[in-house]
Amino acid sequence: MILAIDIGNTNTVIGGMQDGRILFRETVSTVQTAATLEYAALIRTAFELNGADHRTIDGGIISSVVPSLTLTVKEAVSRLTGITPIVVGPGIKTGLSIMIDNPAQLGSGMVVNAAAGIRNYPLPLIIIDIGTATTLSVIDRKGNHIGGMIVPGLRVSLDSLVTKASQLPRIALEPPKRIIGRNTVECLKSGVLYGCAGMIDGLIGRINEEMGEVCTAVATGDAAGAVIPLCRSSIIIDDDLALKGLMIIYEKNM
């Protein structure tokens, strides 16, 4: 079995894969102060809760946008399984043609998502990752990663707003009952969620205009399920995109 771990700023995804299939996916909070032993315990628990034996792990791969945690999690995997996992980064085969000014600046999360998107969806392609930041990656018809955009994420924007405005409460990111809110909580839910959905619709339209053709749109990330159903564009939700990408990159490096 292959262990795949995608470390994000807010959440970390732990997945088990075998024979090209994703057997399970668990999401835990990313804790930058956690020790090696704590992450080893989390990985072991994820396997146990899904009826899998961590002793069957014979390979591993890690993607991380939190450099301070990369070594900790790598050591946790080694301590638990005795293997040294691949870490997505310079020198790793990805199969991507990255056509931005400085390819080294492309985050590993975008790399992993792009690898999966190219394999699984028609090109050209827009990949929307709604997490701590909302990122859009654009893949052209030839499979080149030609660029994208980075927008403050839903929770980052909301946290900043309620911190600066003392009369605004913290809210859950639940779908609003109506577009026109009738109280403060409804107004926040509607503004944050429909605002993000409208932004994504607008950016997709502008990207299609600049590309001169309609791109396939695929969304992933922690808040995709809350936002994408509110969009007017046709967008596919793929919660397993990162794990699919990690599986592809693992295969290319073995």
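**Note on the cores, sheet and helix packing**

1. Leu154 touches Ile130, Gly131, Thr134, Leu173, Val192, Leu193, Cys196, Ala223 and Val227, leaving aside residues up to four places away in sequence. Contact here means heavy atoms within 4.5 Å. This is a predicted model, in which local features need pLDDT of at least 70 and side-chain atom pairs count only at pLDDT 80 or more, while totals for chains, interfaces and linings use all residues. Residues are numbered from 1 along each chain as its sequence is written, and side-chain values use heavy atoms, with hydrogens and water left out.

2. Leu154 belongs to the largest nonpolar core, which has 31 residues. A nonpolar core is a set of buried Ala, Val, Leu, Ile, Met, Phe, Trp, Tyr and Cys residues joined through side-chain atoms within 4.5 Å. Buried means under 20% relative accessible area, exposed over 50%, partly exposed in between (1.4 Å probe, protein chains only). Ile128, Ile130 and Ile200 are also among the residues with the most contacts inside this core.

3. β7 (125-130), β8 (133-139), α4 (154-164), α5 (184-211), β10 (216-220) and α6 (224-227) each give this core at least two residues. Helices (H or I, at least four residues) and strands (E, at least two) are DSSP runs, numbered from the N terminus. α5 supplies the largest share, nine residues. A second, separate core has 27 residues, including Ala4, Leu106, Val218 and Leu241.

4. Six strands form an open, mixed sheet, ordered β6-β9-β8-β7-β10-β11. Two strands pair if DSSP finds at least two bridges between them. β6 (97-98) and β11 (236-237) are the edges; each has a single partner strand, so one side of each lacks a neighbour in the sheet. β7 and β8 run antiparallel, joined by six bridges. Ile130 has Thr134 in β8 as its bridge partner.

5. Ser137 sits in strand β8. Ser137 is buried, at 3% relative accessible area. Its contacts include Met110, Leu125, His145 and Gly147.

6. Helix α3 (residues 108-120) packs on helix α7 (residues 241-252) at about 85°, with axes 7 Å apart. That makes the two helices, α3 and α7, roughly perpendicular, a term for angles of 65 to 115 degrees; under 35 is roughly parallel, over 145 roughly antiparallel, and the rest oblique. Axes are lines fitted to C-alpha atoms, for helices over the stretch in contact, and angles run from 0 to 180 degrees between N-to-C directions. α3 also lies across β7, β8, β9 (144-152) and β10, at about 135° to β7.
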